[in-house]
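Trainee: I am new to this structure and would like to learn how to read its features one at a time. Could you show me the model and then take me through it?

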Amino acid sequence: MRKAVWIAAIIGVAAACGVGIRANAAPAADTIQAGAVAPNFTLPSQEDKPVSLTDYKGKWVVLYFYPKDQTTGCTIEAHNFQRDIAKYDALNAVVLGVSLDTVEGHKTWCSKDTFSFKLLADPDHKVVDLYGVPVKNYGVMKFANRETFLISPDGKVEKVWEKVDPNVHSTEVLAEITAAKK
């Protein structure tokens, strides 16, 4: 039994890192689409303080879902958002990352990699399900798909990215906000 748990854990981490392994995707609600009102939520951040979507009314919100703290693709994506944080500030935008990881996991990662934006813990996948983000189930480990929702200052979903390349995603999001503000 113990060996099976370790094998499932290794497969799950490999998949979160981008290794091509298939898994069962848990059925989720339909993904929220552009034009819809963004559902409100409250989740704890890496500081274990509640963060709600309504806290950012009047701002652009980049709500990005990712598979797993401290994995290759997720680290690239988070570092690119951090690299561009001054550009987001200039556009009146905030970045909020969501995964199924715990507050403690987020705290460790943010301390190690010095992220200044909020990472929200959703281990029960309440917000993941609310937004219709598919969850991949690897037995003992589950991971949310890499998807992003750009929410306008008036609370509507402006754009949804269901296929995300972590290497260029921050640049794509900045371009979308800039174009939408015109």
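Predicted model: local features only at pLDDT ≥ 70, side-chain atom pairs only at ≥ 80, totals over all residues.

Trainee: What share of the residues is buried, and what is the accessible surface of the chain?

Mentor: A residue is buried under 20% relative accessible area, exposed over 50% and partly exposed in between, with a 1.4 Å probe and protein chains only. Of the 182 residues in the chain, 49% are buried. Accessible areas come from the Shrake-Rupley method with a 1.4 Å probe, and for residues only the protein chains shown count as cover; the surface of this chain comes to about 9100 Å², with 55% of it belonging to carbon and sulfur atoms.

Trainee: How many disulfides does a search of the whole structure find?

Mentor: A disulfide is a pair of cysteine sulfur atoms within 2.5 Å, and the search of the whole structure finds zero of them. As for individual cysteines, C74 has a relative accessible area of 1% and is therefore buried, and C110, at 8%, counts as buried too.

Trainee: What part of the contacts joins residues 24 or more positions apart?

Mentor: Contact means heavy atoms within 4.5 Å. Among contacts in the chain with a separation of 6 or more, 70% are between residues 24 or more positions apart.

Trainee: At what angle do helix α2 and helix α6 cross, and which residues meet there?

Mentor: Axes are lines fitted to C-alpha atoms, for helices over the stretch in contact, and angles run from 0 to 180 degrees between N-to-C directions. The axes of α2 (residues 72-83) and α6 (residues 169-181) come within 8 Å and cross at roughly 45°. Angles under 35 degrees count as roughly parallel, over 145 as roughly antiparallel, 65 to 115 as roughly perpendicular and the rest as oblique, so α2 is oblique to α6. From α2, the residues E77, N80, F81 and R83 meet H169, S170 and T171 of α6.

Trainee: Is P50 buried or exposed, and with which residues is P50 in contact?

Mentor: P50, found in strand β3 (residues 50-52), is exposed, because its relative accessible area is 61%. Leaving aside neighbours within four places in sequence, P50 is in contact with T42, L43, P44 and D55. The C-alpha atoms of P50 and L120 are 8.8 Å apart, although the two residues are 70 residues apart in sequence.

Trainee: What is the phi of D48, and what is the phi of H125?

Mentor: Most residues other than glycine have a negative phi. D48, not a glycine, has a positive phi of about 60°, and H125, also a residue other than glycine, has a positive phi near 40°. D48 is in the loop between β2 (42-44) and β3 and is exposed, at 53% relative accessible area. H125 lies in the loop between β6 (118-121) and α5 (126-130) and is buried, at 18%.

Notes:
Residues numbered from 1 in each chain as written. Heavy atoms only, no water. Helix = DSSP H or I, 4+ residues; strand = E, 2+ residues; numbered from the N terminus.
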